[in-house]
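Visitor: I'm new here. Could you walk me through this one, pockets and all?

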Amino acid sequence: MNTPLLVPRASLQRLRTSVQLNAHLLALRSADLTSVRYASGKSIGDRRERDQPKKKRKARTVFKQYDLKNAEQFSLCDAMRYIQAFEVGRPPNSPKYDLAVRLRTIKNGPTVRNRLRLPHAVNTSLRICVICPPDSKHAEAAKKAGASVVGEETVFDAVKEGRIEFDRCICHQESAGKMNKAGLGRILGPRGLMPSAKFGTIVKDVGESVKGLVGGSEYRERNGVLRMAIGQLGFTPEEVQSNIKAFMSEVKKDIALLSDRINKEIHEVVLSSTNAPGFTLNGEFRSPDSPPTRDLSVP
């Protein structure tokens, strides 16, 4: 009598799985390969398209600008009213009105950079250093104009010791040689304080230069945008308007000077503040619904 062959249950299960898998592979081989697709949706047979390198997108040559046709725009008085709502409870001299001018321009081209003294000064706490002979008429003119630090050797020694107690530095032409010999470039250069003829900070008339710096502001184009503090929160709408007109007039002159090398156009003007968002200006001073200007003067 023959004894029946006993097969373990686990081995039987593996055998069944193997048979099912082989049947599935046979069915797959007989099927049309073009009907089988990857998860991406591409067919197995279309391997050429899959293996080809992806085309690189062309980099933008100009800064992206948004269409302003459907954008909400505000008059100056309305923008100031909304901004002041964000600045409630803060000192009137602490927050600043900031103006951003977006330009239609190409990337990696010449940029706008200049200095402007606004009709109504925004930053009056600027500390200015003048490098010139301490007992000369130039030193006296610099002190009268508002310079806080004046001299030669005393300034050199203070800088080398790390005592840089000024925000701007200009140098008289007669003292430029001594300044270079003192080796201040490695200290003042990284801070953007080193006087240079290229940037107009090595001058002949230090008195006039200091007057231009006191209450003056710098602006420089970065990523197609010019930014500048245009007023304090306590300024009246008329004072802010006067500063904006002076700034925009100067920007247009700067753009005209670059017109032979590059085409730049003003796309958008945005008013914001230290703690408030930006509001696009429409060029009007006030709208029919604007409050009286006296109500926008923060005491």
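Visitor: Which helix gives the most to the lining of the second largest pocket?
Guide: This is a predicted model, where local features need pLDDT of at least 70 and side-chain atom pairs count only at pLDDT 80 or more, while totals for chains, interfaces and linings use all residues. Residues are numbered from 1 along each chain as its sequence is written, and side-chain values use heavy atoms, with hydrogens and water left out. A pocket here is an open set of points on a 1 Å grid over the protein atoms alone, where a 1.4 Å probe fits, with protein on both sides within 12 Å along at least five of seven lines; lining residues have an atom within 4 Å of a point. With three residues, the top contributor to this lining is helix H9 (residues 237-257).

Visitor: How much space lies in the second largest pocket?
Guide: Its lining includes Gln-73, Lys-245 and Phe-285. By type, the lining divides into five nonpolar, four polar and two charged residues. The space inside comes to about 260 Å³.

Visitor: And what volume does the largest pocket have?
Guide: This one is lined by 25 residues, and among those nearest its centre are Arg-113 and Glu-218. They split into nine nonpolar, seven polar and nine charged. The volume is about 700 Å³.

Visitor: Which element supplies the largest share of the lining of the largest pocket?
Guide: E2, E5, H8 and E7 each supply at least two residues. The largest share is four residues, and it comes from E7.

Visitor: Which residue caps the N-terminal end of H8?
Guide: Look for a polar contact, a pair of N or O atoms within 3.5 Å, one able to donate a hydrogen and the other to accept it. A side-chain oxygen lies 3.2 Å from the backbone nitrogen of Gly-207, and the capping residue that owns this oxygen is Asp-205.

Visitor: Zooming out, how many helices and strands are in the protein?
Guide: Both are DSSP runs numbered from the N terminus: helices are H or I with at least four residues, strands E with at least two. The tally is nine helices and ten strands.

Conventions. Grid points are joined across faces, edges and corners, and a volume is the space filled by probe spheres set on the points. Ala, Val, Leu, Ile, Met, Phe, Trp, Tyr, Cys and Pro count as nonpolar, Asp, Glu, Lys and Arg as charged, and the others, Gly among them, as polar.
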